[in-house]
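Subject: Structure handover

Hello,

Please find the structure below, followed by notes on what was found in it.

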Amino acid sequence: MKKYLKFIIAGIIALVFIFTFVFLWMKSRPEAIAYDEFTPKVMDLKKTTVVTGKIEPRNEVSVKPQISGIITEITKEAGQTVQAGEIIAKIKVIPDMQQLSAAQARVRLAEVNVKQAATDHQRERVLFDKGLVSADEYDKVRQALRQAQEEVRAAGDNLEVVRDGVSKRSANSSSTLIRSTVSGIILDIPVKVGNTVILSNTFNDGTTIATVANMNDLIFRGNIDETEVGSLVTGMAMKITVGALQNEKLRANLEYISPKAVESNGANQFELKAAVTGLGRTRLRSGYSANAEIVLAQASHVLTVPESSIEFTGGSTYVYVIKGRGEQQTYERRKVTTGLSDGINIEVKQGLTTKDRVRGPERN
């Protein structure tokens, strides 16, 4: 029994030794490196960039009051269409007491003057009828009466304007009626009935009663990095994707590139504007976030390979062309001339044909 036990132990030791030898031999062998393989293809390339921005009307007009006062009525709502000249709101004037007092005093003085002018005219007329004064003297007195009467009317109108904001003779063009200055859609009415509003002056922009814009004339406004702005020219076509309307694809034409950069988060950005076209039945709202895709360069029917297969050394580019198959496979380093790249594929102008096979990156 002991004899067999010795043979068993010896066999186990031998197996362990053989297994260890085989394991170390396998580990010491160099592993074969596998690479991806590509065949050059003829295709179209486009180098594009995406600009983030928003949709907004070309002209957005703020309607402001011509006088100060209190909002008594608002006749329109945001979202409604309005024509130029339509009434949006009405204002009740809060008169300035100093101006009101001066206007009242002017009315009283005008009434005194017209009474005196009427008396002088009556006396002069009697003398003129008797031939005691010349026609020239009589005309002067009659002219003075007319001027005094006109001053009474002007003083009365001034009092009504100061007190009520409008005179009876100019009721149709009352400054208490806030009218839209342009035709379009009301984007916002930031005031409510009872709010105090002030007119625009040298010290204040005035209170905005409403914001009106033509929503059929829209632009895309965004910013592009300085590294790409050199490839842009006015008139370039753009594809607009609106975040709120993913299924809608709009077109636009670049019409403005800012001549001055603005620093944003440490990068120089240039503002650009593009006219949105082909709206059709698409209804856009002011302030929609949008992305604009711009084609910076393109090439048609060119030979391409994946950019990952290109080796960049100094100012030259190389590829490894596969020779043979299986264990006899070798790689030939070949210099090529490249062109346009879209970030995935790159154009090869010289050095390759569609019959070549190119080594790609190492497989994981």
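Arg-153 counts as partly exposed because its relative accessibility is 41%; buried means under 20% relative accessible area, exposed means over 50%, and partly exposed is in between, with a 1.4 Å probe and protein chains only. The side chain of Arg-153 meets that of Glu-150 in a salt bridge, at 2.8 Å from N to O. A salt bridge here is a side-chain nitrogen of Lys or Arg within 4 Å of a carboxyl oxygen of Asp or Glu. Both Arg-153 and Glu-150 belong to helix H3, three residues apart, which is about one turn of the helix. Glu-150 is partly exposed as well, with a relative accessible area of 37%.

Before going further, please note that this is a predicted model, in which local features need pLDDT of at least 70 and side-chain atom pairs count only at pLDDT 80 or more, while totals for chains, interfaces and linings use all residues. Residues are numbered from 1 along each chain as its sequence is written, and side-chain values use heavy atoms, with hydrogens and water left out.

Helix H3 covers residues 135-164. Helices (H or I, at least four residues) and strands (E, at least two) are DSSP runs, numbered from the N terminus.

- Lys-140 pairs with Asp-136, the closest N and O atoms being 3.8 Å apart. The two are four residues apart in H3, about one turn of the helix. Lys-140 is exposed, at 52% relative accessibility, whereas Asp-136 is partly exposed, at 46%.
- Asp-139 pairs with Arg-142, with 3.0 Å between the closest N and O atoms. Because they are three residues apart in H3, about one helical turn separates them. Asp-139 is partly exposed at 37% relative accessible area, and Arg-142 is partly exposed at 31%.

By the same rule, the count comes to 15 salt bridges. Side chains of opposite charge can pair when their charged atoms come close.

Ala-148 also has its place in H3. Ala-148 counts as buried, because its relative accessibility is 10%.

**Confidence**

How far does the predictor trust the protein chain, in average pLDDT? The average is 84, and 90% of the residues score at least 70; pLDDT is the predictor's confidence in each residue, from 0 to 100. Confidence is lowest in helix H1, with a mean of 69, and highest in strand S10 (residues 210-213), at 94. Where pLDDT is low, the predicted coordinates should not be read in detail.

**The largest pocket**

The largest pocket has a volume of about 290 Å³. A pocket is found on a 1 Å grid over the protein atoms alone, as an open set of points where a 1.4 Å probe fits, with protein on both sides within 12 Å along at least five of seven lines; lining residues have an atom within 4 Å of a point. Sixteen residues line this pocket, and the closest to its centre are Ile-185, Met-215, Arg-283, Leu-284 and Arg-285. Strand S8 (residues 184-188) gives the largest share of the lining, three residues.

**Loops and strands**

Val-191 sits in the loop between S8 and strand S9 (196-197). Val-191 is buried, at 8% relative accessibility. The C-alpha atoms of Val-191 and Arg-333 are separated by 74 Å, and these residues are 142 apart along the chain.

Which residues have a positive phi although they are not glycines? Asn-265 is one, with a phi of about 55 degrees. Asn-265 is found in the loop between strand S14 (262-264) and strand S15 (267-277), and at 83% relative accessibility Asn-265 counts as exposed. His-301 is another, with a phi of about 50 degrees. His-301 is found in strand S16 (residues 289-306) and is exposed, at 66% relative accessibility.

Regards

Technical notes: Points joined across faces, edges and corners; volume = space filled by probe spheres on them.
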